[in-house]
Each structure stands twice: as C-alpha cells, then as structure tokens.
Amino acid sequence: MMNFEYRSPRTPLGLFVGAWAIWSLYAIWTSGIDWQSGGAIATVGGFTAVCLGCLVWAIGATTGDSLERPIPYRRLMQLFGGLGILFLGGLALVVFL
C-alpha cells in the first residue's frame with residue numbers, strides 16, 4: 001500500500017515529471033498520427049513507452065513507495081525502456097530500409 005504521508009526530497013521532481021509525461025502523451029496522441037506511416041508508428045510507440053516509464057518513476061517518487069519497494073518500479077521502468085529501444089530499432093529499420 002502506498003504511503004501518502006511520507007514525502008521524499010524527490011516529490012517535487014516526481015510531480016514535475018508526471019505532469020510532463022501526461023502532457024506529452026496527450027500532445028502526441030492528439031496530434032493527428034499518420035497510421036499508414038511505419039516511421040510515425042515507431043516514433044509514437046517509442047515516445048509512449050518512454051513517457052510511461054517516466055510516469056512509473058514519477059508515481060514512485062511522488063508517493064515515496066519506490067523507496068520502500070524498489071523492485072516493482074525498477075521492473076516496470078526496465079519493461080518500458082526495453083519497449084522504447086525496440087520501437088527505436090523499428091524506426092531505424094523503417095527509415096534506413
């Protein structure tokens with residue numbers, strides 16, 4: 001269970017990163033994506049994966065829960081980071097082939 005009473009020094013940064021991630025996801029998903037373009041799909045997928053990883057970190061930093069239980073947060077950030085790398089590889093294949 002998350003402990004909302006404990007505040008770490010990372011709380012303001014977590015709030016800022018969370019707000020940035022939510023705003024960025026809204027901006028990219030409402031920008032009129034060309035779903036026929038492989039490069040656009042790879043770019044949006046990679047950006048979404050990175051933003052979701054940042055959002056996981058921001059939630060853990062803001063609530064202080066990542067200090068108490070770091071393993072689930074680390075695993076989720078690794079998952080979204082790996083997805084971002086896969087989409088980056090897909091973007092490279094689309095652009096250079």
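Contact is taken here to mean heavy atoms within 4.5 Å. Helices (H or I, at least four residues) and strands (E, at least two) are DSSP runs, numbered from the N terminus. The structure is a predicted model, in which local features need pLDDT of at least 70 and side-chain atom pairs count only at pLDDT 80 or more, while totals for chains, interfaces and linings use all residues. Residues are numbered from 1 along each chain as its sequence is written, and side-chain values use heavy atoms, with hydrogens and water left out.

The chain contains 4 helices and 0 strands, and its pattern along the sequence reads α-α-α-α. Its C-alpha trace spans about 50 × 25 × 20 Å along the principal axes. Residues are classed by relative accessible area as buried (under 20%), exposed (over 50%) or partly exposed (in between), with a 1.4 Å probe and protein chains only. On this basis, 33% of the 97 residues of the chain count as buried. Of the contacts in the chain between residues at least 6 apart in sequence, 75% join residues at least 24 apart.

The lengths of two helices were compared with an expected span, defined as 1.5 Å times one less than the number of residues in the helix. For helix H2 (38-63), the 26 residues should span 38 Å at 1.5 Å a residue, and this agrees with the end C-alpha atoms, which are 38 Å apart. For helix H4 (residues 70-96), the 27 residues should span 39 Å, and the end C-alpha atoms are likewise 39 Å apart, in agreement.

Helix packing was described with axes, which are lines fitted to C-alpha atoms, for helices over the stretch in contact; angles run from 0 to 180 degrees between N-to-C directions. Helix H1 (residues 11-29) packs against H2 at an angle of about 155 degrees, the two axes lying 8 Å apart. H1 is therefore roughly antiparallel to H2, given that angles under 35 degrees count as roughly parallel, over 145 as roughly antiparallel, 65 to 115 as roughly perpendicular and the rest as oblique. The crossing of H1 and H2 is left-handed; a crossing is called left-handed if the near helix is turned anticlockwise from the far one by less than a right angle, and right-handed if clockwise. H2 and H4 cross at roughly 165 degrees, and their axes come within 8 Å. H2 is therefore also roughly antiparallel to H4. The crossing of H2 and H4 is left-handed.

Within H1, Thr11 is buried, with a relative accessible area of 9%. Leaving aside residues up to four places away in sequence, Thr11 touches Ala61 and Thr62. Just after H2, Gly64 adopts a positive phi of about 80 degrees.

In H4, the buried residues include Tyr73, Phe80 and Gly84. An α-helix has 3.6 residues a turn, so residues three or four places apart point the same way. The cover over the buried residues of H4 includes helix H2 and helix H3 (65-68). Pro70 also lies in H4 and is partly exposed, its relative accessible area being 32%. Pro70 and Gly60 are 10 residues apart along the chain, and their C-alpha atoms are separated by 8.5 Å.

A salt bridge was defined as a side-chain nitrogen of Lys or Arg within 4 Å of a carboxyl oxygen of Asp or Glu. The count by this rule is 1 salt bridge. Arg69 forms a salt bridge with Asp65, with 2.7 Å between the closest N and O atoms. Asp65 is buried, at a relative accessible area of 1%, whereas Arg69 is partly exposed, at 41% relative accessibility.

The segment after H4 contains Leu97, which counts as exposed at 81% relative accessibility. Leu97 and Gly18 are 79 residues apart in sequence, and the distance between them in space is 36 Å, C-alpha to C-alpha.
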